[in-house]
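Please look through the structure below together with the briefing that follows, which moves from a single residue to its helix, then to the strands and the core.

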Amino acid sequence: MMMILAQQFGIGRVLAPVAKEEFITLLDRIVLSAYSGEANTCCCGCAGEHRYQLGLEEIAGNSRGYSVDSEDVSDRAINTRVNKISRAIYELGFENLSLANIRRATEELEIKTIQVGDDHICFDSGTRWTIAYFLPKKYLPLIKN
Ligand SMILES: [Zn+2]
């Protein structure tokens, strides 16, 4: 089991399954990290900040390729950003909240304030980008319910 996990995730060491039962979610997806920064610019962190969900730091570090500093872990920041995105979705009047539905609707209606990708959703206020990055599906086996 442990060997399989190590190979599956392409890492040199084994990630322990996460024991925490409740994570902050958005559209039924677990939020791995959330970003807030200047609109229409680089998202590396030079014009904003990434914050990571408590309990998912190891997975986040593995996913991005280098470890997450403890000062960058903040459920409070994640909550604030997720709420901001949720409010924007709500204000657009979507009833059936799934990532696929929102992507289809925003594309069809050419709504520029919300962009949906496979692994993220971004609310563009015009001056700021607020982005929730979702836990990649390959890491779901590490989440214990
Ligand atoms: Zn940058």
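Ile78 counts as buried because 23 C-beta neighbours lie inside 10 Å; a residue is called buried if 20 or more other C-beta atoms lie within 10 Å of its own, exposed if 12 or fewer, and partly exposed in between, with the C-beta atoms placed from the backbone. This is a predicted model, in which local features need pLDDT of at least 70 and side-chain atom pairs count only at pLDDT 80 or more, while totals for chains, interfaces and linings use all residues. Residues are numbered from 1 along each chain as its sequence is written.

**Ile78 and its surroundings**

- Ile78 has its place in helix α3, residues 75-91, where helices (H or I, at least four residues) and strands (E, at least two) are DSSP runs numbered from the N terminus.
- Leaving aside neighbours within four places in sequence, Ile78 is in contact with Ile24, Val31, Ala34, Arg51 and Gln53; two residues are in contact if their C-beta atoms, placed from the backbone, lie within 7 Å.
- Ile78 and Ile131 are 53 residues apart in sequence, and from C-alpha to C-alpha they are 9.7 Å apart in space.

**Helix α3**

- The buried residues Ile78, Arg81, Val82, Ile85 and Ile89 belong to α3.
- They lie on the same side of α3 because they cover an arc of only 100° around the axis, the arc being that of the directions from the helix axis to the C-beta atoms.
- On the face of α3 turned away from its buried side are the exposed residues Arg76, Arg87, Tyr90 and Glu91.
- After α3 comes Gly93, which has a positive phi, near 85°.

- Strand β4 (residues 114-116) pairs with β5 in the antiparallel sense over three bridges, and two strands count as paired if DSSP finds at least two bridges between them.
- A hairpin of three residues joins β4 to β5, and Gln115 stands opposite Cys122 in β5.
- Strands β5 and β6 (residues 128-134) run antiparallel and are joined by five bridges, with Cys122 opposite Ile131 in β6.
- In the hairpin of β5 and β6, which has three residues between the strands, Gly126 takes a positive phi near 110°.

**The nonpolar core**

- The largest nonpolar core has 25 residues, of which Leu26, Val31, Leu32, Ala34, Val82, Ile85 and Ala132 touch the most other members; such a core is a set of buried Ala, Val, Leu, Ile, Met, Phe, Trp, Tyr and Cys residues joined through C-beta atoms within 7 Å.
- At least two residues of this core come from each of β2 (29-38), α2 (57-64), α3, β5 and β6, and β6 gives the most, with five residues.
- Not counting residues up to four places away in sequence, Ala132 touches Leu26, Val31, Ala34, Arg81, Val82, Ile85, His120 and Ile121.

**The whole protein**

- The protein has four helices and six strands, and from the N terminus on its elements run α-β-β-β-α-α-α-β-β-β.
- Of its 145 residues, 21% count as buried.
- The mean pLDDT, the predictor's confidence in each residue from 0 to 100, is 85 for the protein, and 84% of its residues reach 70 or more.
- Over residues 1-7 the pLDDT is below 50, and this stretch has six contacts in the model beyond near neighbours in sequence.
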